[in-house]
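Subject: Structure handover

Hi,

Here is the structure for you to look through. Please open it first, then read my notes below.

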Amino acid sequence: MQRLPAKMIAKIARPACDVFINHRGIDTKRNVSGLLYDNLTRMGVRSFLDSMNMKPGDRLFDHIDRAILGCKVGVAVFSPRYCDSYFCLHELALLMESNKRVVPIFYDVKPSQLVVKDNGTRSPKELQRFSLALEEAKNTVGLTFDSLNGDWSEWLRNASDAVIMNLREVEEERKHARKQQR
């Protein structure tokens with residue numbers, strides 16, 4: 001049996017991204033989420049934004065769920081219509097259920113305005129799952145941004161710094177856990 005070279009194994013085993021950006025595309029893809037993705041990518045951080053990392057033919061949930069489970073840090077970009085999206089809430093729930101470090105960004109919305117609504121299309125189990133994830137995110141220190149009055153460059157710098165700081169902390173926690181296992 002032929003063995004794969006160590007470099008190839010490392011590349012295959014390496015997670016698809018360091019940071020998963022959870023967002024409502026129609027609200028934030030061309031501004032907050034897109035800018036953050038571009039800035040993190042320029043900084044050398046492997047980030048996942050669906051429009052940038054997926055291609056025609058990719059199975060939506062398989063690809064996204066794999067990216068979430070493989071990431072180190074999640075960024076949840078909350079916008080006024082975020083909770084209207086099943087996909088956003090599913091991604092947030094998966095981030096929280098897999099105990100990922102999540103950096104909330106409240107874009108033109110206050111945490112208290114974010115509520116999972118029962119529009120009759122979601123099961124009680126899904127409603128509870130989504131509500132629990134949303135409450136956990138709302139109770140996590142995050143960043144707020146008002147697009148009409150905020151300084152975009154300052155926000156981008158602060159958001160990127162927060163993501164980098166969380167990535168470093170996750171790496172330190174992993175190193176410490178590996179030392180404990182020895």
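The accessible surface of the protein chain comes to about 11000 Å², and 53% of that belongs to carbon and sulfur atoms. Such areas come from the Shrake-Rupley method with a 1.4 Å probe, and for residues only the protein chains shown count as cover.

Two notes before the details. This is a predicted model, in which local features need pLDDT of at least 70 and side-chain atom pairs count only at pLDDT 80 or more, while totals for chains, interfaces and linings use all residues. Residues are numbered from 1 along each chain as its sequence is written, and side-chain values use heavy atoms, with hydrogens and water left out.

**Overall layout**

The protein chain has 8 helices and 5 strands. Helices (H or I, at least four residues) and strands (E, at least two) are DSSP runs, numbered from the N terminus. Along the sequence the pattern reads α-β-α-α-β-α-α-β-α-β-α-β-α. Of the 182 residues in the protein chain, 42% are buried. Buried means under 20% relative accessible area, exposed means over 50%, and partly exposed lies in between (1.4 Å probe, protein chains only).

Now the contacts, meaning heavy atoms within 4.5 Å. Among those in the protein chain with a separation of 6 or more, 79% are between residues 24 or more positions apart.

**The sheet**

In which order do the strands of the open sheet lie? The order is β2-β1-β3-β4-β5, with parallel pairing. Two strands pair if DSSP finds at least two bridges between them. In general, strands of a sheet pair through backbone hydrogen bonds, either parallel or antiparallel. β2 and β5 (143-145) are the edge strands, each with a single partner, so one side of each has no neighbour in the sheet. Helix α8 (residues 152-181) packs on the sheet. This helix touches β1, β3 (73-78), β4 (101-107) and β5. The direction of α8 makes about 165 degrees with that of β4. Here axes are lines fitted to C-alpha atoms, for helices over the stretch in contact, and angles run from 0 to 180 degrees between N-to-C directions.

β1 and β2 run parallel and are joined by 2 bridges. The bridge partner of F20 in β2 is F48.

**Aromatic pairs**

There are 10 aromatic pairs in the structure. Rings of Phe, Tyr and Trp (its six-membered ring) pair if their centres lie within 6.5 Å; planes under 30 degrees apart count as stacked, over 60 as edge-to-face and the rest as tilted.

F20 and F48 turn up again here. Their ring centres are 5.2 Å apart and their planes are at 15 degrees, so the pair is stacked. F20 lies in strand β1 (residues 19-23) and F48 in strand β2 (residues 47-48), so the pair ties together parts 28 residues apart in sequence. Both F20 and F48 are buried.

Y86 and F130 form an edge-to-face pair, 5.5 Å centre to centre with 75 degrees between the planes. Y86 is in helix α6 (residues 86-97) and F130 in helix α7 (residues 124-138), so this pair ties together parts 44 residues apart in sequence. Is Y86 buried or partly exposed? Y86 is partly exposed, at 29% relative accessible area. F130, at 1%, counts as buried.

Ring pairs also link Y107, F145, W152 and W155 into a cluster.

**Nonpolar cores**

A nonpolar core is a set of buried Ala, Val, Leu, Ile, Met, Phe, Trp, Tyr and Cys residues joined through side-chain atoms within 4.5 Å. The largest core has 28 residues. Those with the most contacts inside it are F20, F78, Y82, L92, L114 and L134. Two or more residues each come from α5 (60-70), β3, α6, β4 and α7. α6 gives the most, with 7 residues. Another core lies apart from this one, with 23 residues, including V32, Y37, I164 and L167.

**Two loop residues**

Most residues other than glycine have a negative phi. N99 has a positive phi, near 55 degrees. N99 sits in the loop between α6 and β4, and is exposed, with a relative accessible area of 69%. D108 also has a positive phi, of about 55 degrees. D108 is in the loop between β4 and α7, and is partly exposed at 33%.

Best wishes
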